[in-house]
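The sequence and structure come first.

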Amino acid sequence: MKILVFGASGSQQFNVIGEAKKKGADVIAATSSEKSFEKLAQAGATPVMANLSDTTKMLEITKEIDAIAFMIPVSLPNPFDGLEYAKNVIDAAKANGVKKLVWNTSGWLESQKIGSPVDDVKLDVLDYLKNSGLDYVIIQPTIYMENMMGPFCAPFITNANKLAYPTPEAMPIGWIASRDVNAFVVEAIYNRELKSDVFKISGLDNLKGNDTAAEFSKGVAVEIAYYPQKPQEFGEILKPFVGEAGASSVAAYYEMLQNASEYPSKFNPNMSEILKKLPVEMTSLSEWARENKDYFFKA
């Protein structure tokens with residue numbers, strides 16, 4: 001099995017390499033930066049330079065590929081470019097007879113367009129993929145545990161023993177580890193019965209803010225309190241990384257949550273059914289925190 005991975009230099013897709021290698025796959029990792037070559041090679045992949053906007057390059061690197069693990073880049077200056085990039089990959093995959101494409105959507109898709117370019121463009125990609133004629137599986141993960149490693153959260157844990165996140169304490173979340181998401185992606189690639197399937201996945205625990213902090217505390221053996229971060233504070237920290245427009249859009253979403261009377265679901269209570277089709281050993285938040293303690297608290 002030869003698998004082409006997009007986004008493998010980032011945390012949301014990196015573990016696809018290791019999970020695929022466990023099954024004996026030959027992994028090619030597309031990247032737009034030569035700086036990622038060493039990291040990808042050390043993980044067991046063959047790095048290849050490729051810009052998603054280059055249709056010729058997409059046709060070149062998808063030749064003799066059996067399956068594609070795809071993800072739209074998270075922080076695009078123009079979110080609507082995500083549709084063009086997805087079309088380039090899908091068209092190339094179809095032209096070269098790729099057997100399956102598995103798309104990690106980096107979050108649950110909305111049921112309809114909501115005026116957020118980052119979310120809305122994914123629905124356009126969804127329509128294009130469904131009508132492409134390719135076999136596909138769509139993996140929609142809830143909120144990543146790795147988000148806690150972000151600059152809006154990690155320094156608060158390290159310096160103030162606070163787990164900062166811009167969701168209300170009362171809002172439950174089924175946090176999921178990126179390694180588990182990537183394991184779902186690989187299982188979907190290898191499951192030949194799945195040809196036009198969509199899975200909303202989450203962790204197995206639906207945790208409110210204080211419960212999240214308690215599980216994190218258990219893992220790192222340090223007492224951590226939940227800090228419902230103000231959306232504007234979150235946006236200001238995020239701005240240098242995703243730009244002013246992107247940060248403002250995300251902050252506005254969390255502002256809406258702060259004022260909501262009902263919270264959107266971020267948990268799938270039917271994960272047991274999904275695990276029958278895609279057998280993955282799930283990671284609890286306390287386990288994940290224990291594994292990553294040194295990231296937050298230097299030895």
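The model is a predicted one, in which local features need pLDDT of at least 70 and side-chain atom pairs count only at pLDDT 80 or more, while totals for chains, interfaces and linings use all residues. Residues are numbered from 1 along each chain as its sequence is written, and side-chain values use heavy atoms, with hydrogens and water left out. Helices (H or I, at least four residues) and strands (E, at least two) are DSSP runs numbered from the N terminus.

**Accessibility**

A221 is exposed because its relative accessible area is 65%. The table lists this residue with others treated below.

| Residue | Relative accessible area | Class |
|---|---|---|
| A221 | 65% | exposed |
| N206 | 35% | partly exposed |
| N161 | 31% | partly exposed |
| A260 | 22% | partly exposed |
| K122 | 12% | buried |
| L123 | 10% | buried |

**Loop residues**

Most residues other than glycine have a negative phi. A221, in the loop between α8 and β9 (225-228), has a positive phi of about 60 degrees and is not a glycine. N161 sits in the loop between α6 (154-160) and β7 (162-165); its phi is also positive, near 55 degrees, and N161 is a residue other than glycine.

N206 belongs to the loop that joins β8 (196-201) to α8 (209-220). Contact here means heavy atoms within 4.5 Å. With neighbours within four places in sequence left aside, N206 contacts P172, I173, G174 and F267. For I173 there is also a distance to the side chain of N206: the backbone nitrogen of I173 is reached at 3.4 Å. The C-alpha atoms of N206 and S36 are separated by 35 Å, and the two residues are 170 apart along the chain.

A260 is in the loop between α9 (231-258) and α10 (271-277).

Which residues of α1 are buried? In this helix (residues 15-22) they are V16, I17, E19 and A20. Their cover includes β1 (2-6), β2 (26-31), α2 (37-42), β4 (67-70) and α7 (178-190). After α1 comes G24, with a positive phi near 85 degrees.

Two packed helices are described by the angle between their axes and the distance between the axes. Axes are lines fitted to C-alpha atoms, for helices over the stretch in contact, and angles run from 0 to 180 degrees between N-to-C directions. The axes of α1 and α7 come within 8 Å and cross at roughly 45 degrees. Angles under 35 degrees count as roughly parallel, over 145 as roughly antiparallel, 65 to 115 as roughly perpendicular and the rest as oblique. The pair α1 and α7 is therefore oblique. From α1, the residues N15, V16, E19 and A20 make the contact, and from α7, S178, R179, N182, A183, V185, V186 and Y190. These divide into six nonpolar, three polar and two charged residues. In this division, Ala, Val, Leu, Ile, Met, Phe, Trp, Tyr, Cys and Pro count as nonpolar, Asp, Glu, Lys and Arg as charged, and the others, Gly among them, as polar.

**Helices α4 and α5**

Helix α4 (residues 81-95) and helix α5 (residues 117-130) have axes that come within 9 Å and cross at roughly 20 degrees. They are therefore roughly parallel to each other. G82, L83, A86, K87, I90 and D91 of α4 meet V121, D124, V125, Y128 and L129 of α5. By class this contact holds seven nonpolar, one polar and three charged residues.

K122 and L123 also lie in α5. Not counting residues up to four places away in sequence, K122 touches W103, T105, S106 and L109, and L123 touches L109, E110, Q112 and K113. K122 is 38 Å from K298, C-alpha to C-alpha, at 176 residues apart in sequence. L123 and N51 are 72 residues apart along the chain, with their C-alpha atoms separated by 22 Å.

How values were computed
Buried < 20%, exposed > 50% of the residue type's maximum accessible area, 1.4 Å probe, protein only. Polar contact = N/O pair within 3.5 Å; in protein donor to acceptor, adjacent residues only side chain to side chain.
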